[in-house]
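Please examine the sequence and the coordinates first, then read the points below.

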Amino acid sequence: MEKQNGAFGSRAGFILAAIGSAVGLGNIWRFSYVAYENGGGAFLIPYFVALLTVGIPLLILEFGFGLKQRGSAALSFARLSRKWEFMGWWAPAVSFLLMTYYATIIGWTINYLGYSIFQSWGTDTESFFFSKHLGLTSGFWEIGSIKPHILIAVFLVWAINFVIIYKGVQNGVEKASKIFMPLLFVLVALITLRGVTLPGAMIGINKFLTPDFSALVSSKVWLAAFGQIFFSLSLGFGVMITYASYLPKDSDVVNNAFITGLGNSGVSFLIGLGVFGVLGYMAHQTGLPIEEVVTQSIGLAFIAFPKAINMLPAFSGLFGFTFFLALVIAGLSSSISLVEAVTANLMDKFNMERNKAVLLTCIVGFVGSAMYTTGAGLYFLDVIDHFVMQYGAAVIGIFECVAIGWIFKANRMRSWMNPKSDFAVGKWWDVLVMYLIPLTLGFSVLKTTIEEIAQPYGGYSSSAIGVGWLTAVLLVIVGLTISKMNWADASLLNGEVE
Ligand code: TRP
């Protein structure tokens, strides 16, 4: 039986939405730093190998699976077998958890969009961020109080997501992506142009791109490349499966995956030039070595960049606004895919109307996000992100390869999707999906676990680390529990889907 939760109106709409999910905060603050840390220009080699051997093949797998099974992650896996349905809940559970703090970070970027106009972060951007903006407490268990300005911004993020997802796939996700993505592209182009033309920009760009070939023998560098690709392409979250299920049945799989994968990396690379151009300028202005001005993640976006913006020779308010607007848009276009994946699951399993499912998702999500708006929010976010993202998505990736490569059968998927694709994938794809990708992900999970045990993450207390592990395990239990519940409309599971 067919039940359609929505459909994309055009191939371009789908590709923009998929790139929208992939291009997120991670592209802006993670890629350039990871590249710089792991061999600079030489990092591009493992990065491309990872893109071609894991990223795009897994995208093909998730696109193909969603398109073939024609349902949310839960329905797609349940149609494979009720035994595998837990995968379709575990992945969206991880998505949901990611969304609770992703929304909070987007909230901060909205706050900073406001601060950028008058550069109200002042000269000491570091203490502004930690003390004034976050009101950070002295430890994990010291919760402090909710910061109203952050809570309001987070509310806005959930409200925007609600409106977009409520409107459905074509009028919501697709329309939003058609506005967000071209806008984001213009913003990124502006940031990059400004970044590379600043005095001293080359100091930064050289650091970013000078190859250190000795890095290529380090397994750490290779794992960083695989991790970056995996996270950046939103793999292992059920979102690409959900999006692909909204394509017409005869849609191309292989080429869409290549366009999405290459497009995402292209954006990362462009932003990397801009970011390092700005950092080079900062080194030039302050006379500090570039090593001292480079930071990653929130440090880059909320501390280093505001400082750089202060120093700009002209139009600093405008540049600041452009930068934070790019973060807001990149964040929102990713967040809608997370909310859609969860909403679609609820609609399928419990036969909920879209409006009810999205309302439930957004209300519970907003309450969850509120936790990160407290004075200990940054600690919660850091610990949970580390444990859930490090393990959750990668382990799900392994299971996906087993479920689709071995149970559904890779060659069956390939012979189903090849005829409708612009170009076909060969037997190498089966080998990757069945052996190489699960082994690579398995090795990476094993290695991080060993390191984790040797040295607990980030100097947190063991109780805080316990919360991290507990959350990761809890998501598996949630996935298993929901998958055991009855389907409101069991006929959805029956019959040949095609
Ligand atoms: N790709 C996103 C980024 O680079 C992060 C992300 C990971 C994500 N998994 C996701 C976004 C699932 C949306 C859905 O920031």
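A polar contact is a pair of N or O atoms within 3.5 Å; within protein, one atom must be able to donate a hydrogen and the other to accept it, and residues adjacent in sequence count only if both atoms are side-chain atoms. The model is predicted, with local features requiring pLDDT of at least 70 and side-chain atom pairs pLDDT 80 or more, while totals for chains, interfaces and linings use all residues. Residues are numbered from 1 along each chain as its sequence is written, and side-chain values use heavy atoms, with hydrogens and water left out.

- An oxygen atom of the ligand lies 3.2 Å from a polar backbone atom of Leu25.
- The side chain of Tyr102 places an N or O atom 2.8 Å from an oxygen atom of the ligand.
- A nitrogen atom of the ligand is 3.1 Å from a backbone N or O atom of Phe231.
- The protein buries 100% of the 360 Å² that the ligand exposes when taken alone (Shrake-Rupley method, 1.4 Å probe).

**Site and shell**
- The ligand sits in the largest cavity, where sitting requires more than half of its atoms within 2 Å of the grid points.
- A cavity is a set of points, on a 1 Å grid over the protein atoms alone, where a 1.4 Å probe fits but cannot get out.
- Two or more shell residues come from each of α1 (11–22), α2 (25–29), α6 (85–118), α11 (219–232) and α16 (316–350).
- There are 16 residues around the ligand (a heavy atom within 4 Å), and Ala22, Gly26, Tyr102, Ser232 and Phe237 come nearest.
- The shell comprises 8 nonpolar, 8 polar and no charged residues, with Gly counted as polar.

**Fold and backbone**
- The chain has 20 helices and 0 strands (DSSP runs of at least four residues for helices, H or I, and at least two for strands, E).
- The C-alpha atoms fill a box of roughly 70 × 50 × 45 Å along the principal axes.
- Gln119, in the loop between α6 and α7 (125–133), has a positive phi near 50°.
- Ser234, in the loop between α11 and α12 (239–244), has a positive phi of about 55°.

Terms used: On a 1 Å grid over the protein atoms alone, a cavity is a set of points where a 1.4 Å probe fits but cannot get out, and a pocket is an open set with protein on both sides within 12 Å along at least five of seven lines; lining residues have an atom within 4 Å of a point.
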